[in-house]
Amino acid sequence: MFGLFRREMRESIENPLIPISDARIASYFGLDALSETGDPVTVDSAMGVPAIWASVNVIPGAIAQLPLHVFRRGDAGRERVETPIASILGTAPNPETTSFQWRKSLMQQVLTHGRGVAFIERDRGNRVRGIWGLDPTHLTLKRENGRKLYIYRDGHREPVVYSASDVIDIPFALRPDGLKHYSPIMQNADVVGLAIALTKYGARYFSGGGVPPFAVTGNFQSGAAMDRARDDLERAMRQAVKEKRQALTLPEGLTISSIGADAERSQMVEAQRFVVEQIARIYGLSPIFLQDLTHGTFSNTEQQDLHFVKHTLSQWIEQIEQELNLKLFGSSSFYAEFNLDGVLRGDFKTRMEGYASAIQHGVLLPNEARAMENREAVEGGGRAYMQGAMLPIDKLGEEPANDDI
């Protein structure tokens, strides 16, 4: 009789080795983990940590607001072109989503689940018609005949198999097999769990009027009397908190003694700051970007802005550009590139001095500098200029020869 029933076993969605109902299946997808504090860590619970919320908004927001243009290499250099792909990348990847929304969502998936993916829609002529974001939690990867395949399951529909050339794939960090990835939240579950535990502890502490856990001692005649005294004191304490009263009355013979530490003695503030610094390290950010100005000054904050662009944004921008150029343009002369001028502009005085120097040395045309400041072009501003008063040191004081004029 028992042989008629057999429990279904799976190793993954494709191969039956471990049960789909097993708790480990969530960890297989990187959806949750149990931290040492005992708090379960998921992407949703981690987003309740303000430092993670800030991290997952500042980096994607910075990338999403950058202009994204398409250029073509030519014999005379490069030129910016307006093509259907340029409109898809810079304006709207599909009829439902703006470019800003798509790029921000893509990077948010990278910084939470560990991977951002999107499907490239093409027509019968293999021309790109749109880009659609995919939920990375519904995606599995495998190799077949040496080729990488993306298997996507959306609800109860039949799985859709995409080739690697049809998927824009931005992983946070790849595992050694080149298929699976690391999630920054799941990989640092203990740090995230500590942040969640600190937040919960603080909420419980202040919901109890800032009173740490305490013990009640006295001459109790029975266990029932002890339980009644405990319950009565808990109700009295909550009522006092609700009515904002500062005093409690105790029956004669009862004594209250604290068995927990207050926020100061438990170094709760220091622990919160430590967690912010740890989360900043996970995402390669300076704490000032998580609104921690403890060590921020007028001078070093500006330097940290440059550090953010040079060491944090630039690596993500390079990865996205290379993925877009590989999947959208292949080996053609076209390529996509972000414009970082907006985040490197600096203050007005610094910008003007930089423009003046670039124009005087023929690096920028006057109209190019005006365009960078969102100003209209002027007549004659399309010509290159250069200072003409420079001479070699050994020629100073000599009359210029006719050939030098």
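The model is predicted. The protein chain holds 12 helices and 13 strands. Of its 405 residues, 33% are buried.

**Whole chain**
- The accessible surface of the protein chain is about 25800 Å².
- Carbon and sulfur atoms account for 53% of that surface.
- Take the contacts between residues at least 6 apart in sequence: 59% of them join residues at least 24 apart.

**Helix H5**
- H5 covers residues 99-112, which is 14 residues.
- The end C-alpha atoms of H5 are 20 Å apart. At 1.5 Å a residue the helix should span 20 Å, so the two values agree.

**Sheet E7-E8-E9**
- Three strands make up this open sheet, in the order E7-E8-E9, with antiparallel pairing.
- Strand E7 (139-144) and strand E9 (160-163) stand at the edges. Each has a single partner strand, so one side of each lacks a neighbour in the sheet.
- On average, neighbouring strands of this sheet are turned by 30° against each other, direction ignored.
- Strand E8 spans residues 147-152 and is joined to E9 by four bridges. E8 and E9 run antiparallel.
- Ile151 stands opposite Val161 in E9.

Key:
Residues are numbered from 1 along each chain as its sequence is written. This is a predicted model: local features need pLDDT of at least 70, side-chain atom pairs count only at pLDDT 80 or more; totals for chains, interfaces and linings use all residues. Side-chain values use heavy atoms; hydrogens and water are left out. Helices (H or I, at least four residues) and strands (E, at least two) are DSSP runs, numbered from the N terminus. Buried means under 20% relative accessible area, exposed over 50%, partly exposed in between (1.4 Å probe, protein chains only). Contact means heavy atoms within 4.5 Å. Accessible areas come from the Shrake-Rupley method with a 1.4 Å probe; for residues, only the protein chains shown count as cover. The expected span of a helix is 1.5 Å times one less than its number of residues. Two strands pair if DSSP finds at least two bridges between them. Axes are lines fitted to C-alpha atoms, for helices over the stretch in contact, and angles run from 0 to 180 degrees between N-to-C directions.
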